[in-house]
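Work through the exercises below with the structure open beside you. Each task is followed by a solution that goes step by step.

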Amino acid sequence: MITALNHTKIQSQNLTLLGFGFVLVLVVLASLSLGAFSIPFPQTLAILFDQIGIQLGTFEVQQANVLLQIRMPRVLMAMLVGGGLGIAGAALQGMFRNPLVEPGLIGVSTGSALFAVIFMVLVPTVSSLAWIKTLGLPLFAFIGGLICVTAVYQLSKSQGRTDTATLILAGVAINALAAALIGLVLFFADDSALRSFTFWSLGDLGGATWAKVPVSLMLIGVPSVLLLLNSRQLNALALGEQEAFHMGVNVQQVKIRLLICSALVVGVGVSMVGMIGFVGLVVPHLIRILFGADHRLVLPGSFLLGAILLNFADLIARVIVIPAEMPIGVITALLGAPFFIWLIFNLNKSKN
Amino acid sequence: MLQASQVHFCIRQRPIVDEVSLELNPGEILAVLGPNGAGKSTFFKILSGEIKCKHGAVGYNGHDIHKLKARDLAAVRAVMPQHTQVNFPFTVQEVAELGLISTKVMQPAKLIQEVLEATNTSHLKDQVFNHLSGGEKQRVQLARVLVQIWETKPFPRYLLLDEPTSSLDIAQQHAVLKILQTLKSRNIGILVILHELNLAAQYADKIALLKNGMIAKAGTVKEVLEEEILEYVFDHPIQLIQNPVTGGLLISATAQAQVQTSIPTFKQA
């Protein structure tokens, strides 16, 4: 009977993920068809199917160009970055054993942004060096994120346990420092600095092009898969680092792997679309509240829900003030901040 | 055999564990007793591999503990720490399953069911761990630890428990120690830190008394349980009485004279 139960558990996990995948497809289709230049839904499908050689109906060339050249890379980028933020948030929360951890709150995003800005100011935009920029910028951002997450982790850890108060304080300190340094660096940069600052602090998917997609796919997709492979170890870590060691987990090695992969995912995301807050916090929580804490579901679920949420937020950002665009960080913060307050409130209640 | 030889551990030049040597054979229960601050838990952590011991050696079945990888170590020993916090809403079943993380067994589902029944927790298996009472949590943690070494293996293994009965009622305390007794026949050696002397007297094969980081006395239950040595170790008057029903030893601790006099003076103040 237990075998059957276990079997149904795996089945229900797969079904949940399938459901998320279905919702993601719907959001992506909506996102492709809606916007300042509206493409009717039948045409959207027709253009997509035309790509794989199936004729469904007629459409204008202009529609196809908007959909394939402007919206498609943007949607793919939102999927990768949103999914990446979701899964990195879930992995970091699991590693810190703390539900308040989020790439934005503990300074990973700001650190990445700082290093990205430094890179952009230091490396001149000479055309012969363009190839360095496509790969160098995300990698530089990754290093910044890694430094920050390692610093916060070392600061907040005592005897293998992380203390929530120190963790948040360390995050605040690192965030403030990195944000100030970004301001300083941008001050010495050229006249587009003000515009860039909004980009780095609130995020913008508008710069997504096909050229950025392969790099993102490699540097976000691959580490995300590596994170997925650590879900059982994350389950063990949830009991504590010592307990995980007792059960045969090489804790040090797993922690290093988790830190590097999460920093890579977040850093590359930040270098591509700027800092987008709260996705990494809200998404893993929703999954845990709805489906439990097993990381074998939390990690892939967070990726899918993060992708859904960021595409949805981007859709709102594009249609709410047509023909202009709202910075996407405004939308995610508007959704995420109240959730965060509710979370703190509930944590306090459960302690009393 | 689990062997500790001349294990020494200092914090700021002060020895917490002082040249302790101890042996644990498969098939026996060794109870480690001692007052608070005697160094029991530190010694326990050195044995489990949590704390690296720089002086002295710990060996599992003849292999030095530092040469064993976490995974290999987990195959020969399971550890139940004093407290384990779970910060996420895992169910009891999921917590118990974690015991299998580094081993492959033939029928995992059947094994977990067996262990949950043995620890009297199978009725809780779908509940969220954090919603359980202290005693229930402790039994679930015991289940997780037992899952790790439940399947019989051709080599001797060891189970280390740090106060596994601290939040249990008297019936559950005895239930836990009875489970430990059944493990002896599976070629498992058990080291358990206890505070309840009577439990140790009733279930242990051997007892080690720890005081100020040193072994005050170690040996069979009969050898160790003497009024004089117990009074020295715990700084408290202790009487040994024969149980009129079973004929076993009963340890009775009368109130200390100092404590009685200190209460009135406290009231006057």
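**Exercise 1.** Decide how helix 4 and helix 5 of chain B are oriented to each other, and describe their contact.

*Solution.* Begin with the axes: those of helix 4 (residues 108-118) and helix 5 (residues 134-149) of chain B come within 9 Å and cross at roughly 135°. Helices (H or I, at least four residues) and strands (E, at least two) are DSSP runs, numbered from the N terminus, while axes are lines fitted to C-alpha atoms, for helices over the stretch in contact, with angles from 0 to 180 degrees between N-to-C directions. Angles under 35 degrees count as roughly parallel, over 145 as roughly antiparallel, 65 to 115 as roughly perpendicular and the rest as oblique; helix 4 and helix 5 of chain B are therefore oblique to each other. Their crossing is right-handed, a term used when the near helix is turned clockwise from the far one by less than a right angle.

Next, look at the residues: B:Leu111, B:Ile112, B:Val115 and B:Leu116 in helix 4 meet B:Ala143, B:Leu146 and B:Val147 in helix 5, where contact requires C-beta atoms, placed from the backbone, to lie within 7 Å. By class, this contact has seven nonpolar, no polar and no charged residues, with Ala, Val, Leu, Ile, Met, Phe, Trp, Tyr, Cys and Pro counted as nonpolar, Asp, Glu, Lys and Arg as charged, and the others, Gly among them, as polar.

The model is predicted, and local features need pLDDT of at least 70, side-chain atom pairs count only at pLDDT 80 or more, and totals for chains, interfaces and linings use all residues. Residues are numbered from 1 along each chain as its sequence is written, and chains are lettered from A and ligands numbered from 1 in the order in which they are written.

**Exercise 2.** Which strands stand at the edges of the four-stranded open sheet of chain B?

*Solution.* First write down the order, which is 2-1-4-5 with antiparallel pairing; two strands pair if DSSP finds at least two bridges between them. Strand 2 (14-24) and strand 5 (63-64) of chain B are at the edges, each with a single partner strand, so one side of each is left without a neighbour in the sheet. Then examine one pair: two bridges join strand 4 (residues 55-60) to strand 5 of chain B, and B:Tyr60 stands opposite B:His63 in strand 5.

**Exercise 3.** Describe the six-stranded open sheet of chain B and the helices that lie on it.

*Solution.* The strand order is 6-7-8-3-9-10, and the pairing is mixed. The twist averages 15° from one strand to the next. Within this sheet, strand 3 (residues 29-33) and strand 9 (residues 206-211) of chain B pair in the parallel sense over four bridges, with B:Ala31 opposite B:Ile207 in strand 9. Helix 5 of chain B packs on the sheet, touching strand 6, strand 7 and strand 8, and its direction makes about 175° with that of strand 6. Helix 1 (residues 40-48) of chain B lies across strand 3, strand 6, strand 7, strand 8 and strand 9, running at about 150° to strand 7.

**Exercise 4.** How many residues of chain B are in contact with chain A, and which helix supplies the largest share?

*Solution.* Count both sides: 27 residues of chain B are in contact with 24 residues of chain A. Helix 2 (70-76), strand 6 and helix 4 of chain B each supply at least two residues of this side of chain B, and the largest share, four residues, comes from helix 2 of chain B.

How values were computed: Two residues are in contact if their C-beta atoms, placed from the backbone, lie within 7 Å.
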